[in-house]
Amino acid sequence: MARGTEDDVTSEAATGGRELIRRRVIEAAADLLAREGRDAVTTRAVAAAAGVQPPAIYRHFADMDGLLEAVAEHGYTTFLAAKHLAPEADDPIEDLRAGWDLAVEFGLSNPALYALMYGEPRRGTTSAAFQAGMRILVGRIHRLAAGGWLRVDERLAAALIHATARGAVLTWLSLPEDQRDPALLTAMRESMVTAVTNDKPAVRDAGPAGAARALLATLPEQTALTSGERHLLSEWLDRLAADG
């Protein structure tokens, strides 16, 4: 084997070994967090659980906060896998409910991990797994919008759905166990559904043509536009409606 090839193999093996140790440390920290709480996640305890020396942790993470950030990302990855496994409901509003329930159930099943992930405003939100999870949520919302079900704009809907699920879990976890009433979760979910969706679809037929026809029907009542703007918009909507 040529010297250059040997060096490449050695480098790849070293990289693989470093990644294996990093993963072991993250999983050990996540396990300690789940079993004993955040205070148990110390350098010494994590090192012992991962089977490494304490200095090894700081070769992979700048400090304990860096390790906790990696544990949060591990949590987002786990949650993302659960999202991918969940089947999509035929009814977009039931699909919205199911997605909300899934998020809340994940939090209730993983209280310490969820508190780490969502208890601090920006923790882990730049991770690829978090962003991928948000894209799944945005897809659900866009499906509602395309069907004429959405009451607010898509960005506000995403914020409301995310905020109510997050608030529901953190509020539930803050309560003494004897005060945890499941009706709280149901009420918060239904309040979210009422806030972001219409009782009936505003658009009878999904797609641009149906949306154009719905808007054409209410265009004469609009006062935010000048008569010239309404005329121009009417021409555009006529063309979209005819194309359908």
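Here are some notes on this predicted model, point by point.

1. Start with confidence. The mean pLDDT for the chain is 85, and 89% of the residues score at least 70. Helix α9 (residues 182-196) has the highest confidence, at a mean of 96, while helix α10 (residues 208-218) has the lowest, at 71. The stretch to watch is residues 4-13, where pLDDT stays under 50 and the model has one contact beyond four places in sequence.

2. On the fold, what you have is helices: eleven of them, with zero strands. Going along the sequence, the pattern is α-α-α-α-α-α-α-α-α-α-α. As for how the chain connects up, take the contacts between residues at least 6 apart in sequence: 67% of these join residues at least 24 apart.

3. Now surface and burial. Of the 244 residues in the chain, 34% are buried. The chain exposes about 14,200 Å², and 55% of that comes from carbon and sulfur atoms.

4. Which residues have the most contacts inside the largest nonpolar core? They are Val25, Val41, Val46, Leu67 and Val71, in a core of 54 residues. Helix α4 gives the most to this core, contributing nine residues.

5. Tyr76 belongs to helix α4 (residues 64-85) and Phe130 to helix α7 (residues 128-146), so the pair links distant parts of the chain, 54 residues apart. Tyr76 counts as buried because its relative accessibility is 3%, under the 20% cut-off. Phe130, at 12%, also counts as buried.

6. A second pair to check is Phe79 with Phe106. Here the ring centres are 4.9 Å apart and the planes are at 25°, so the pair is stacked; the cut-off for that label is under 30 degrees. This pair also links distant parts of the chain, with Phe79 in helix α4 and Phe106 in helix α5 (residues 92-109), 27 residues apart. Both Phe79 and Phe106 are buried.

7. Asn198 is in the loop between α9 and α10. Is Asn198 buried or exposed? Its relative accessibility is 18%, so Asn198 counts as buried, with the cut-off at 20%. A polar atom of the Asn198 side chain lies 3.4 Å from the backbone oxygen of Leu150. Leu150 also turns up among the contacts of Asn198: leaving out neighbours within four places in sequence, the list is Ile93, Gly148, Trp149, Leu150 and Arg151.

Key. Residues are numbered from 1 along each chain as its sequence is written. This is a predicted model: local features need pLDDT of at least 70, side-chain atom pairs count only at pLDDT 80 or more; totals for chains, interfaces and linings use all residues. Side-chain values use heavy atoms; hydrogens and water are left out. Helices (H or I, at least four residues) and strands (E, at least two) are DSSP runs, numbered from the N terminus. Buried means under 20% relative accessible area, exposed over 50%, partly exposed in between (1.4 Å probe, protein chains only). Rings of Phe, Tyr and Trp (its six-membered ring) pair if their centres lie within 6.5 Å; planes under 30 degrees apart count as stacked, over 60 as edge-to-face and the rest as tilted. Contact means heavy atoms within 4.5 Å. Accessible areas come from the Shrake-Rupley method with a 1.4 Å probe; for residues, only the protein chains shown count as cover. A nonpolar core is a set of buried Ala, Val, Leu, Ile, Met, Phe, Trp, Tyr and Cys residues joined through side-chain atoms within 4.5 Å. pLDDT is the predictor's confidence in each residue, from 0 to 100. A polar contact is a pair of N or O atoms within 3.5 Å; within protein, one must be able to donate a hydrogen and the other to accept it, and residues adjacent in sequence count only if both atoms are side-chain atoms.
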